[in-house]
Amino acid sequence: MRKVLLLCVALLLLLSQSVFAQQESQPEFDSVKAKKELAEKYADKMKKDLSAEELENRTRDVQRILNELAADVAAGKTTEKEAKIKLEKMDVYMLDVPKKKENEEVSILSSGTDITMNSVWITYDSATARWTVTGGGYWKNTNWWNDRPGGWWGYAGETKNMGGVDSVGITYYNTGGTYNTSVVSSLGYVTDHNGWSDYMENPSHGDGRYGVAFDFQDKMRLKNACGVCVVGDYTYYGSGFSASVTYNSNFVNYNGYARSMYAHTWNTTTINSIGFNGSGTGFGVTFGWSSESNKFPIFNGSDTTF
């Protein structure tokens with residue numbers, strides 16, 4: 001019996017060593033190499049004759065589509081595979097990267113289980129040799145209704161703010177490589193997924209090195225006149241949201257981890273500041289709130305290596 005036990009222990013040790021050896025032999029993902037290879041693969045698609053105006057219009061069009069797709073994927077209105085196919089028809093390609101620190105759904109600092117957040121996308125526009133980083137999310141239910149303000153009269157089209165401003169953005173942390181790139185442009189997006197949408201061209205926080213965030217005032221609007229109004233009578237401007245930041249071709253030399261983020265407030269709370277520091281603590285983000293209640297920040301559940 002003792003010999004059998006010793007044999008079992010020996011076999012377990014051999015198996016564990018074999019697994020460990022396999023793990024050790026797996027090469028670490030080289031994001032700089034992967035980005036360079038993607039750019040080289042589609043180098044022949046670059047449109048070198050674009051004017052400065054055409055270049056900027058192209059980048060803005062790509063950003064708008066990326067933002068809308070990110071919010072739609074979070075809402076289940078399309079799939080990431082479908083989004084990828086649509087982008088490739090425009091000669092825009094997603095960088096295939098491994099996901100790390102995968103959680104079931106989201107990483108939450110306070111609350112936020114009503115939100116679905118997308119993993120960050122890294123895309124390359126072969127026509128302009130520019131890189132865009134995009135992230136977004138969506139309310140997967142109507143629990144935003146719980147944060148509604150009081151004092152409604154009930155006439156069609158009446159609109160009221162939902163607390164202070166919210167914010168959507170992207171954060172980078174544990175960064176490395178060479179930051180010799182520059183931000184070409186950034187774009188934020190907010191929608192009710194029913195035609196009430198806006199773009200935000202200037203980020204409220206961050207310069208792009210460690211992230212950006214766009215503040216927006218979320219709102220409720222009555223769709224129909226009603227006496228005793230219920231959630232179905234309203235539409236929520238803030239149901240979907242996304243952000244993107246575009247860099248020049250030198251983005252290939254920069255690397256780290258990226259996550260999409262969203263900050264929500266209600267009642268009298270608002271966002272005073274958002275700081276990006278590039279460290280691993282809190283995914284590299286610090287928040288300044290007007291109150292320690294009636295708010296939460298939320299991040300998607302996995303790192304995107306870039």
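Predicted model: local features only at pLDDT ≥ 70, side-chain atom pairs only at ≥ 80, totals over all residues.

Student: Are Trp139 and Tyr236 buried or exposed?

Tutor: Trp139 has a relative accessible area of 2%, which means that Trp139 is buried, the cut-off being under 20%. Tyr236 is likewise buried, with a value of 2%.

Student: Which residues do ring pairs link into a cluster?

Tutor: The cluster consists of Tyr124, Trp131, Tyr172, Tyr179, Tyr247, Phe251, Tyr254 and Phe306.

Student: Which charged residues lie over a ring?

Tutor: There are two cases to consider here. Arg221 lies over the face of Trp196, at 3.7 Å from the ring centre. The charged end of Arg64 sits over the ring of Tyr199, 5.5 Å from the centre of that ring.

Student: Let us turn to the disulfide. How many does the structure hold?

Tutor: A disulfide is a covalent bond between the sulfur atoms of two cysteines. This structure holds one. Its partners are Cys226 and Cys229, whose sulfur atoms are 1.8 Å apart.

Student: Why is the disulfide of Cys226 and Cys229 called right-handed?

Tutor: The handedness follows from the torsion about the S-S bond, which is about 95°, so the disulfide is right-handed. As to accessibility, Cys226 is buried, with a relative accessible area of 17%, and Cys229 is also buried, at 17%.

Student: The pocket remains. What is the volume of the largest pocket, and which residues lie nearest its centre?

Tutor: A pocket may be read by its volume and then by its lining. The largest pocket has a volume of about 200 Å³. Its lining comprises 16 residues, and those nearest the centre are Tyr138, Thr142, Trp144, Asp192 and Ser239.

Student: Which strand gives the most to that lining, and how is the lining divided by class?

Tutor: Strands E6 (130-139) and E13 (234-237) each supply at least two lining residues, and E13 gives the most, with three. By class, the lining has six nonpolar, six polar and four charged residues.

Definitions and conventions:
Residues numbered from 1 in each chain as written. Heavy atoms only, no water. Disulfide = S-S within 2.5 Å. Buried < 20%, exposed > 50% of the residue type's maximum accessible area, 1.4 Å probe, protein only. 1 Å grid on protein atoms, 1.4 Å probe; cavity = no way out; pocket = protein on both sides within 12 Å on 5 of 7 lines; lining within 4 Å. Points joined across faces, edges and corners; volume = space filled by probe spheres on them. Helix = DSSP H or I, 4+ residues; strand = E, 2+ residues; numbered from the N terminus. Nonpolar A, V, L, I, M, F, W, Y, C, P; charged D, E, K, R; others polar. Phe/Tyr/Trp six-rings, centres within 6.5 Å; stacked < 30°, edge-to-face > 60°. Lys NZ or Arg CZ within 6 Å of the ring centre and 35° of its normal.
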